[in-house]
Amino acid sequence: MEYVSPEGLRLDGRRPMEMRQLRAEIGTVAKANGSAVFEMGNTKVIAAVYGPREVQNRSQQINDQALVRCEYSMANFSTGDRMRKPKGDRRSTEISLVIRQTMEACILTHLMPRSQIDIFVQVLQADGGTRSACINAATLALADAGIPMRDIVTSCSAGYLNSTPLLDLNYIEDSAGGPDVTVGILPKLDKVTLLQMDAKLPVDIFENVMGLAIEGCKAIANYIREVLLENTKQLEYRRGL
Amino acid sequence: MDARLANTWRLTLNEKNFIKTALLSETRIDGRKPFEFRNISINFGREDGSAELQLGQTRVMGIVTAKFVQPYRDRPNEGTLAIYPEFSPMADPSFEAGRSGESAVELGRIIDRGLRESRAVDTESLCIVAGKLVWAIRIDILILDNGGNLVDAANIAALAALMTFRRPECSLGGEDGQEVIIHPPEMRDPLPLIVHHLPIAITFGFFIDENVVVIDPIHNEEAVMAGRMIATVNANGDICAIQKAGEGLSQRVIMQCLQLAITKAADITKQIKAAVEAYNSERALQKIKRETTCVGNNVKGDQNQTLDNRGISELVGKYMERLKLISVESYASQNINAEETKSLRRGTDSNCIKFNSTPLSWDPYSNGIDLEFLKASVASQGLSTASEEKEASGKEKGSEAESAGPYENVNSKWSAVDASTTEMHVIGPKTLKDAVKPKNKRKKKASSMI
């Protein structure tokens, strides 16, 4: 199948290096300490953060740092075929784990010993790149909850189809069976925290694709910063400062 | 995670600091260099497709089994491959019995991505009837002892088990040509899986900051390290999967690790291949010892066609058996008498062809015999002159050129002859039974035979 037309356009009309439209909204879940909706094109994810709060299960308490928990789930209506997926299948367990590890690396857990932070992410619409969208949403929600972090984490995926590196794959491109590199970075520190890859790719091409994904992450980081700044300004205004 | 925190065996601060300070001077607590892999030893089980790997103190067992299933709707002509990790509670106090924790799921997913998404195993060759019946390969991974770096160990164990696994050959037959016949291993040689390349997982552990890197961390180091990266690469320099979360790394360090992983993977690939080859050659030797008994039978069958004198044929049978043994020994001692065995083999070849010529017409569906040869043999039936038979044998040799060594050539030929004789017995009662039993039952029975 042709994923990049001779004119250099992708199936949804984007250029190979072009990202989908981003949209973010903060404070979407009233009860949560922090929450956000993050959209990347047709992928839509909602995240809620509770905490830092008392550890629910005492045996899990860690005495020198906070306990971070994460739960990823996909709404039944998020995909084209409305399948009832059993809770806790392998894929979502793995993604939960990956998101938890990524967020744990950027939260200053040592500042909140003997406490617990819960992150819940739910996919509302899935169109490829749910993992990245979830991490971006979780970052926004954590920032909204005012949890101390080293830096914000942003994530973006990139692939390689028709011997062209493509940024931010959608579902059709994702399920084409080509390589899919998901990268998460700490933009200020310029460090890669999350790196996941599927399928086969020679090293030199991998380096290019990873570089492209990192560029995408940086672009998302800029957008997230803007959104956070805007949100803070509004808060300022509401408080009449 | 729950289990991880509730029941983890924790290191004391002193031990942690000791490991860290030792690493700063590039020393590890087990005396290795930072980029040194532990010794790998692979033992194979009695059955095909089971391997036990020992990597230092870590012990992992990989078992491959296969059964028939209906293929997925979106991939009607591909077999399936699934990985089921099981963390036995005896391996580590933090493993819970019965429930697969997060680490088990992660391990399964990493190996799964390495093997399946990089198409290491040819799944299209596992299709029997498109859309209806395919082989489902199941890899069970048992962690017997957790000495650290389970992912690498489990990956190697899975590969070793996959490479030694053999599935029974099956073909379509029956009256309507839709019935699946599974040939028991005694009749036809079971087929190995087609493995295109070997994706090897290499784990890197990062301590303190990204500049202190070790490869293949042991249990104690895993408790101390700040982050890890698992790169699954093959010997050709392709990256098949990467899994990394936590602790930030710069791009430069990642690329260095990948380069290192590729060299290590080439090393490990060699070790796995050597182990598998040793196992295969031993297996082949055992097989020959078992099969020598059928040589006599074959020659007996031959006698029905040409001679009537039983005494003579038995003598011939014994003689052939002895020849066969000699030829086996000579191959085992690496073709010392290459010339002699060649001539011997020619003798045995012509024998089996003589034998083949009549019963072959019974079984046009069997895969073991190619059509050309069939035609030739049917044509030669009336005449049966020695010269024509030789011609036919030459043809067959040409068609079987793909099989690797001359030794295997003989082997497969014997088994093909075997199959054609025994199959007649199988098909005979089957057709009678089929008149009574519904087809579905027959299929179920077939799948349970494995």
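Helices (H or I, at least four residues) and strands (E, at least two) are DSSP runs, numbered from the N terminus.

A word on the model. This is a predicted model, in which local features need pLDDT of at least 70, side-chain atom pairs count only at pLDDT 80 or more, and totals for chains, interfaces and linings use all residues. Residues are numbered from 1 along each chain as its sequence is written, and chains are lettered from A and ligands numbered from 1 in the order in which they are written.

Helix 2 of chain A spans residues 130-145, and helix 4 of chain A spans residues 203-238. Their axes come within 11 Å and cross at roughly 30 degrees. Axes are lines fitted to C-alpha atoms, for helices over the stretch in contact, and angles run from 0 to 180 degrees between N-to-C directions. So helix 2 of chain A is roughly parallel to helix 4 of chain A. The cut-offs: under 35 degrees is roughly parallel, over 145 roughly antiparallel, 65 to 115 roughly perpendicular, and the rest oblique.

Who touches whom? From helix 2 of chain A, Asn136(A), Thr139(A), Leu140(A) and Ala143(A). From helix 4 of chain A, Ile220(A), Ile224(A), Val227(A) and Leu228(A). Contact means C-beta atoms, placed from the backbone, within 7 Å. By class, this contact has six nonpolar, two polar and no charged residues. Ala, Val, Leu, Ile, Met, Phe, Trp, Tyr, Cys and Pro count as nonpolar; Asp, Glu, Lys and Arg as charged; the others, Gly among them, as polar.

Next, the sheet. Chain A has an open sheet of five strands, order 1-2-3-5-4, with mixed pairing. Strands pair if DSSP finds at least two bridges between them. Strand 1 (22-26) and strand 4 (67-74) of chain A are the edges, each pairing on one side only. The twist averages 15 degrees from one strand to the next. Strand 1 and strand 2 (residues 34-40) of chain A run antiparallel, joined by five bridges. Leu22(A) stands opposite Met40(A) there. Helix 2 of chain A lies across strands 1, 2, 3, 4 and 5 of chain A, at about 150 degrees to strand 2.

Now chain B. Helix 3 (residues 102-117) and helix 4 (residues 150-164) of chain B pack at about 45 degrees, axes 10 Å apart. That makes helix 3 of chain B oblique to helix 4 of chain B. This crossing is right-handed. The contact residues include Ile110(B) and Gly114(B) of helix 3 and Ala154(B) of helix 4 of chain B. The tally is eight nonpolar, two polar and no charged residues.

Finally, how the chains meet. Chain A gives 32 residues to the contact and chain B gives 30. On the side of chain A, helix 1 gives the most, nine residues. That side divides into 17 nonpolar, seven polar and eight charged residues. Strand 10 of chain A pairs antiparallel with strand 14 (residues 238-245) of chain B, over two bridges. In that pairing, Pro202(A) has Asp238(B) as its bridge partner.

Key. Contact = placed C-beta atoms within 7 Å. Left-handed = near helix turned anticlockwise from the far one by under 90°.
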